Amino acid sequence: GVGLTRAAVGHVRAPELFAGGDLAIRPGETVGVAGAAGSGKSALLAVMAGLIAPRRGMVSIDGHDLASLGTEDQRRSVRLVEQEPRLFRGSVLDNLRRGDPEADFATVERAGRLAGAHAIVQRLPGQYACPLDERRRWLSPGERQRLCLARALVAGPPVLLIDEPGAAIACGEESEFAATLATIRTGRTIVLATSSPTLLASMDRVIAIRDGRVAELTRGAAG
């Protein structure tokens with residue numbers, strides 16, 4: 001699970017975010033983070049991922065203080081799929097193995113299937129050997145998002161953070177993405193920042209950020 005204890009974070013639109021607030025997300029729970037643009041949804045996920053250190057308070061992952069973990073332990077414990085899906089020079093396999101350079105092909109392919117990326121890769125010339133530096137321009141934002149999700153799953157993190165996937169997927173694909181989340185949630189905690197009603201409804205519960213604070217907690221349709 002994920003916990004924030006008396007945490008506070010600096011932010012451009014407020015003196016502090018989540019000032020002194022506590023948040024507990026249980027292991028295996030799926031939680032949506034809602035809020036207006038600029039409210040701090042992405043900042044919250046960045047703090048949970050260890051990319052931003054809180055000014056005060058503590059972030060914990062499965063009971064361990066995130067700040068006390070080394071970089072590799074953090075990467076094994078929590079992964080963030082960013083709002084802008086980024087692919088790198090190299091093959092599909094090279095990109096997905098960035099999640100875990102030691103992963104064998106079976107692990108990579110399994111992650112691709114879970115993320116809904118395997119069918120996309122099968123259509124590419126050379127499939128997992130396809131060089132993305134040349135062909136990524138022909139991948140839609142939603143397809144790139146699936147590949148980035150697969151890359152995170154290769155690492156097998158118990159905590160998965162996903163930032164605004166709706167920005168990269170078409171409206172008609174949101175139900176498909178919700179179905180993917182239902183598949184990959186087994187054995188892991190998912191925190192999803194999104195403005196999509198469809199995706200929020202698929203979560204166990206929803207946190208709403210207002211005026212820099214966690215203002216409410218509601219049950220999602222999945223709970």
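## About the model

Because the model is predicted, local features need pLDDT of at least 70 and side-chain atom pairs count only at pLDDT 80 or more, while totals for chains, interfaces and linings use all residues. Residues are numbered from 1 along each chain as its sequence is written, and side-chain values use heavy atoms, with hydrogens and water left out.

## The largest pocket

Let us start with the open space. A pocket here is an open set of points on a 1 Å grid over the protein atoms alone, where a 1.4 Å probe fits, with protein on both sides within 12 Å along at least five of seven lines; its lining residues have an atom within 4 Å of a point. Grid points are joined across faces, edges and corners, and a volume is the space filled by probe spheres set on the points. On that basis, the largest pocket holds about 540 Å³. Its lining has 20 residues, and Arg75, Arg79, Leu80, Glu82 and Arg86 are the closest to the centre.

Two or more lining residues each come from helix H2 (71–77), strand E6 (78–81) and helix H7 (141–154), with helices (H or I, at least four residues) and strands (E, at least two) taken as DSSP runs numbered from the N terminus. Strand E6 gives the most, four residues. By class, the lining has nine nonpolar, four polar and seven charged residues; Ala, Val, Leu, Ile, Met, Phe, Trp, Tyr, Cys and Pro count as nonpolar, Asp, Glu, Lys and Arg as charged, and the others, Gly among them, as polar.

## The second largest pocket

The second largest pocket has a volume of about 150 Å³. Of its 13 lining residues, Ile52, Ala53, Pro54, Leu66 and Ala67 lie nearest the centre. Strand E4 (residues 56–61) supplies the largest share, three residues. This lining is made up of nine nonpolar, three polar and one charged residues.

## Helix H7

Helix H7 has 14 residues and reaches 20 Å from its first C-alpha to its last, close to the 20 Å expected at 1.5 Å a residue; the expected span is 1.5 Å times one less than the number of residues. In H7, 13 of the 14 residues are buried, where buried means under 20% relative accessible area, exposed over 50%, and partly exposed in between (1.4 Å probe, protein chains only). Just after H7, Gly156 takes a positive phi of about 65 degrees.

## The aromatic pair

The structure holds one aromatic pair, with rings of Phe, Tyr and Trp (its six-membered ring) pairing if their centres lie within 6.5 Å; planes under 30 degrees apart count as stacked, over 60 as edge-to-face and the rest as tilted. The rings of Phe105 and Tyr128 have centres 5.2 Å apart and planes at 85 degrees, so they are edge-to-face. Phe105 lies in helix H4 (residues 105–114) and Tyr128 in the loop between helix H5 (118–122) and helix H6 (132–135), so the pair ties together parts 23 residues apart in sequence. Phe105 is partly exposed at 36%, whereas Tyr128 is buried at 6%.

## Single residues worth a look

Gln127 is also in the loop between H5 and H6, with a positive phi near 50 degrees and a partly exposed relative accessible area of 33%. Glu164, in the loop between strand E7 (159–163) and helix H8 (174–184), has a phi near 45 degrees and is buried at 11%.
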